[in-house]
Amino acid sequence: MPDSDVETQPAPAVAPPPGAPHPVIVHPVLRVDHLSLWYGTAQALHDISLDIPDKRITAFIGPSGCGKSTLLRCFNRLNDLIDSVRIEGGIEFEGASIQAPEVDTNHLRRRIGMVFQKSNPFPKSIFENVAYGPRVHGMRRRRDLDDTVERSLRSAALWDEVKDRLEDSALGLSGGQQQRLCIARALAVEPEVILLDEPCSALDPVATARIEELMVELKDRYTLIIVTHNMQQASRVSDFTAFLYLGRLVEYGETQRIFINPHMKQTEDYITGRFG
Amino acid sequence: MTVRSRSSAPRDLLGQSLTWLCGGALALNLLLILGLLALIAVQGLGFFWQKDLLLLTLTDGTRVFAEIHEREVRPAAAGGPRLRLKTGNRDLTGLDFRWVEESAIAGRERPRDAVLLERLEWGNFHGRAVELRHDGEVRATGAGVWEAFGPVHEAGLRLRRRVERLERGDIGTVNMEIERLRLERRRIEMGGADPARRAARLSEVAAREAAAQERFAVLAGRLATERREMERDVLVMEAADGQRKEVAAGQIVTALRPNTLSVGERAWLYLTRTWTFVSGDPRESNTEGGIFPAIFGTVMMVFIMSFAVAPLGIIAALYLREYAHQGPLVRLVRIAVNNLAGVPSIVFGVFGLGFFVYLVGGTIDRMFYAEALPTPTFGTGGILWASLTLALLTVPVVIVATEEGLAAVPRIMREGSLALGATKLETTWRVVLPAAAPGILTGLILAMARAAGEVAPLMIVGMVKLAPQLPIDTTAPFLHLERKFMHLGFHIYDVGFQSPNVEATKPLVFATALLLIVTVTLMNLVAIALRNHLRRRYASSVV
């Protein structure tokens, strides 16, 4: 169990020592700059800085409760929904702060889509699920909606399975199909970044493999950030990996390098399965 | 292990006896409900079955045509068993029911020529048909009367339908027009237009009034002719004691010889009577005829109530659950809302009278119906105010159910919508509310059931013993929300306990109660079907 192992660990390092250089990323899509976050009085994120590369898959790994989901939810400001959250530091999206009060979160969330840990299709038909985003953003013509739904479902590799039952309830789909439907739903509003919060944790290996294939296909067109506690998944699909531990960014770098040659002891312990 | 098994024996026993106790309590509840339903069903449904019309000879020599309605077994010391007889002929004897001791009956016969007449007035007549007259001259006597009466009866029924159409349709329309013109005249008189124009308009209205009056006179003349026509054919009846009574053909609703009827004919009679009861208008201060206006009033009131309570309750619950900051104040409001459900309903009635009827209704009257004053239009009880009063009464039920429905919508569903860039309003409207719809409908079903059975508050905000017109009819504006209405619950009270002829109406009370239960059940079934349809559509995840 991770909890008992964590207790036996020595006190965590306060900050990554200089031996763990960040990768140099040219034209990052998202820049996290000295970000700290509190839930009430409990600090969940400690002074995190990292750059997310464009049209790549970046994975956040780490044990449960390390803050990787919290960090992910900062990117589309979903943490705003929780009253007690307080944030310091900044996040820039394509050069502009997303933290500023005048930022239109609805517009931001349209550009930065999200797929959740547990598939959450709306209790509507498959078609209406995918058409939901375009509809709220003002698409009215049936032909446009038809096109968008088909394109999104094709991108999510779901079209062939559901094209004959678009009017059926989305809740009749299998778990893996539901998750791909959620991806299609996120794609339908044409985002630039897609956040995936442990998208495969509730799925069987076959369904997981399909989602992973899909992610690799999608990275030509989108920037993907995936939170996972499955290290094989991170090593299989991602280009860059960030290891978070107890709210701190321990190490960040190219995935191959992190998994083959981690600079930090904690990273090595985690990826070799000594804890976590 | 041994310790546990030794000590578990008495504890198992306790657990088992508790299970039996709980099961027993449930069984008792079910038994009580089933018993109640069975009692109402048997008493109410038996009413329409045509019994034999017996010719009874009593020990004191009197003879009487009677249906036996009830046999009460009493100990010999108290006089032995006695029978409740329906003897009819209220106009001759003053009563149509009487109790007779079984021992006082010397003879029973089932004469095939015994005739039962159901009349528009004075209730049933039991006797023999002895003569048929037309304009005073005898057309048939003795055995030929019944055969000759058949076509006369048919013609009488047709005539009566024509008269009813005339009264309700044409004359009703003219009457309403006369009233409208009167109000228009008042409005012109009260208005501030210059005198010349006012005079011109007044004379125009006066001309239209005169025309309407003329039309009314013509129609009234026609009605009088038809009425006289109804009196031309007369059936002379003879009661068991030899008294004679002339009954105009137009007064006879049904005429039959009960002792000649086969089971099939009785079954047909049973169905037509049930249908008349459900679809007809009441007569004889509600003791006879049908109860259609009461059914209509009940259903329509519940309908209007639902339309008022659903938006009010849902919006209030939405604010409480989705928007309000969850603090002590909201908790306090929630407790208050729950307590509101426990306020005695008559208090809501008094509030409805003071607020809706006098304040709102009075204001509407002063602003829009000033010409009709001092006769109130909305400033008196009516179906709208009654429905709104009940909406207030049932709104806590809807709020509580809606809140529970909203709370059951998973957070991840809302986040899914927000993460697509939908606003909170869009999320609530398009995702949360549809997902909570089954729960909301459950609340609405409970509210409807409560409203349909409520009587006390309605007695002071618009429910009446006899409403001459339905709240919906064919004269513009078709929907008359200011009208008073009849209600099944009040009908039960009125017929059962306020009627001058309690014996006659006892079965009606049961039949009406049964119908109220059936009506409420039907309305609930419709709502449940709707909810299940929504559930299927928004079926929650199988996980």
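1. Where is the place of A:Glu190 in chain A? A:Glu190 sits in the loop between α7 (175–187) and β7 (193–197) of chain A; helices (H or I, at least four residues) and strands (E, at least two) are DSSP runs numbered from the N terminus. The model is predicted, so local features need pLDDT of at least 70 and side-chain atom pairs count only at pLDDT 80 or more, while totals for chains, interfaces and linings use all residues. Residues are numbered from 1 along each chain as its sequence is written, and chains are lettered from A and ligands numbered from 1 in the order in which they are written.

2. Phi of A:Glu190 is near 55°, a positive value in a residue other than glycine. Most residues other than glycine have a negative phi. A:Glu190 has 17 other C-beta atoms within 10 Å and is therefore partly exposed (buried means 20 or more such atoms, exposed 12 or fewer, partly exposed in between, with C-beta atoms placed from the backbone).

3. In chain B, B:Trp122 also has a positive phi, near 70°. B:Trp122 lies in the loop between β6 (115–119) and β7 (124–134) of chain B.

4. Helices α9 (residues 383–407) and α11 (residues 424–453) of chain B pack at an angle of about 150°, with axes 8 Å apart. Axes are lines fitted to C-alpha atoms, for helices over the stretch in contact, and angles run from 0 to 180 degrees between N-to-C directions. The pair α9(B) and α11(B) is therefore roughly antiparallel (over 145 degrees; under 35 is roughly parallel, 65 to 115 roughly perpendicular, the rest oblique).
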